[in-house]
Amino acid sequence: MPFSERNMLTLRQIPRRISILLLVVLVISSVAVLLTYYNYELWAVGCLFIGIILNFPLIWAHEHAHALVLRKLNKDKPIVTIGIKSYCSAQKPIPMPIFRLDLLMPLCIPVLLIALLSGLIASGICEMLRLIIGFTAFLSLLTSTNDLYWFYKLRKISKDWYVECNGLTAKVYQKLTA
């Protein structure tokens with residue numbers, strides 16, 4: 001699709017200072033929970049590590065949530081790459097409304113975990129399981145920060161624009177008419 005520099009925006013990864021801030025928040029909040037409520041009991045620290053390990057399959061689910069939206073709504077065959085940098089690459093341009101939905105779709109994962117956590121808290125069942133799910137939900141939410149950052153950056157972009165996204169960067173442009 002033809003586009004010019006004048007009607008184009010390039011999205012990149014979340015700025016490093018925000019990533020560092022999120023990492024600091026994760027460490028401080030984890031230490032605060034472990035110290036305040038559990039006095040660094042070994043099982044509570046173990047729950048943190050179990051939550052970290054459980055987050056790896058959720059990263060896979062996160063990227064496949066993106067792929068599901070692109071496959072169903074954009075009739076695309078996206079490529080999902082899982083590794084140090086996991087991402088989903090679209091193979092054709094994405095209309096802005098579909099891209100916005102694509103950015104928000106992975107949030108269903110932490111929302112479901114928080115709903116499960118709320119049910120466990122309300123029922124008073126298994127404190128260890130609640131702690132594991134809480135840490136996992138928090139990590140899963142942090143996994144979506146780049147998507148939320150892009151969603152925020154695109155909040156004022158018109159619905160008739162398109163996105164070419166390779167997963168790590170995206171070009172947002174207005175389709176030129178003849």
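Biologist: Which element gives the largest share of the lining of the largest pocket?

Modeller: A pocket is an open set of points on a 1 Å grid over the protein atoms alone, places where a 1.4 Å probe fits, with protein on both sides within 12 Å along at least five of seven lines, and its lining residues have an atom within 4 Å of a point. Here the largest share comes from H2, which gives 9 residues. Please keep in mind that this is a predicted model, in which local features need pLDDT of at least 70 and side-chain atom pairs count only at pLDDT 80 or more, while totals for chains, interfaces and linings use all residues. Residues are numbered from 1 along each chain as its sequence is written, and side-chain values use heavy atoms, with hydrogens and water left out.

Biologist: Which residues lie nearest the centre of that pocket, and which elements give two or more residues to its lining?

Modeller: Of the 39 lining residues, Ile84, Lys85, Leu142, Thr143 and Thr145 lie nearest the centre. The elements that give two or more residues are helix H1 (16-38), helix H2 (42-73), strand E3 (87-89), helix H3 (96-104), helix H5 (127-143) and helix H6 (145-153).

Biologist: How many helices and strands are there in the chain?

Modeller: Both are DSSP runs numbered from the N terminus, helices (H or I) having at least four residues and strands (E) at least two. This chain has 6 helices and 6 strands, and along the sequence they follow the pattern β-α-α-β-β-β-α-α-α-α-β-β. The C-alpha atoms fill a box of roughly 65 × 35 × 30 Å along the principal axes.

Biologist: Is Asn7 buried or exposed?

Modeller: Buried means under 20% relative accessible area, exposed over 50%, and partly exposed in between, with a 1.4 Å probe and protein chains only. Asn7, which sits in the segment before strand E1 (8-11), counts as buried because its relative accessible area is 5%. Asn7 and Trp161 are 154 residues apart in sequence, yet their C-alpha atoms are 9.3 Å apart in space. In the chain as a whole, 37% of the 178 residues are buried.

Biologist: What is the phi of Lys75, and what is that of Cys126?

Modeller: The phi of Lys75 is near 50°, a positive value in a residue other than glycine, and Cys126, also not a glycine, has a positive phi of about 40°. Lys75 lies in the loop between H2 and strand E2 (79-81) and is exposed, at 62% relative accessible area. Cys126 lies in the loop between helix H4 (108-123) and H5, and at 42% relative accessibility Cys126 counts as partly exposed.
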